[in-house]
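Here are some friendly notes to read alongside the model.

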Amino acid sequence: MTTELRVSFNDAGQMSDLQEWLSKIKGVHATPVARPAEGNSQGTAWDFLSVACETSGPVVVALRALQKWLEARVTTIEVRVGSSVFKVHSADAADLLPKIEQAARALGAAGADSEPPQ
């Protein structure tokens, strides 16, 4: 069973840094997801980072790693877990990430698997 976290950035340039940071965790797969192409545009822009985690230990480890990553920066991200959306700033990461962990655990306990986007 997996739980998907969708991490959106106010500065998309940080996405590859977080992807690399999370890729070192066993049971966690981070994949950038492209924004749908707009007319008269070249190339693609990343919309969010899909973080697929096994629901037991890996989701907790991924969220704690996300907290450490955030605390080392001055940034804001948005995290989606199922239908719950959390806006997290560097300064309030320690307070908000336990709530995100609760949402991820509840989603896993409900058996609501989510597949990472292709």
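1. Let us begin with a term: two residues are in contact when they have heavy atoms within 4.5 Å of each other. Leaving aside neighbours within four places in sequence, Gln14 is in contact with Phe9, Trp69, Arg73 and Thr75. Gln14 is found in the loop between β1 and α1. Helices (H or I, at least four residues) and strands (E, at least two) are DSSP runs, numbered from the N terminus.

2. Before going further, a word on the source: this is a predicted model, where local features need pLDDT of at least 70 and side-chain atom pairs count only at pLDDT 80 or more, while totals for chains, interfaces and linings use all residues. Residues are numbered from 1 along each chain as its sequence is written, and side-chain values use heavy atoms, with hydrogens and water left out.

3. Is Gln14 buried or exposed? Buried means under 20% relative accessible area, exposed over 50%, and partly exposed in between (1.4 Å probe, protein chains only). Gln14 has a relative accessible area of 15%, so it is buried.

4. Now look at the sheet. Five strands form an open sheet in the order β2-β3-β1-β4-β5, with antiparallel pairing; two strands pair if DSSP finds at least two bridges between them. β2 and β5 are the edge strands, each pairing on one side only. Between β1 and β3 there are six bridges, and Val7 has Leu49 in β3 as its bridge partner.

5. Which residues of α2 are buried? Among them are Val59, Leu63, Leu66, Trp69 and Leu70.

6. Finally, the core. A nonpolar core is a set of buried Ala, Val, Leu, Ile, Met, Phe, Trp, Tyr and Cys residues joined through side-chain atoms within 4.5 Å. The largest one here has 32 residues, and Leu66 and Ile77 are among those with the most contacts inside it. α2 gives the largest share of this core, eight residues. Not counting residues up to four places away in sequence, Ile77 touches residues including Val7, Leu66, Trp69, Leu70 and Val88.
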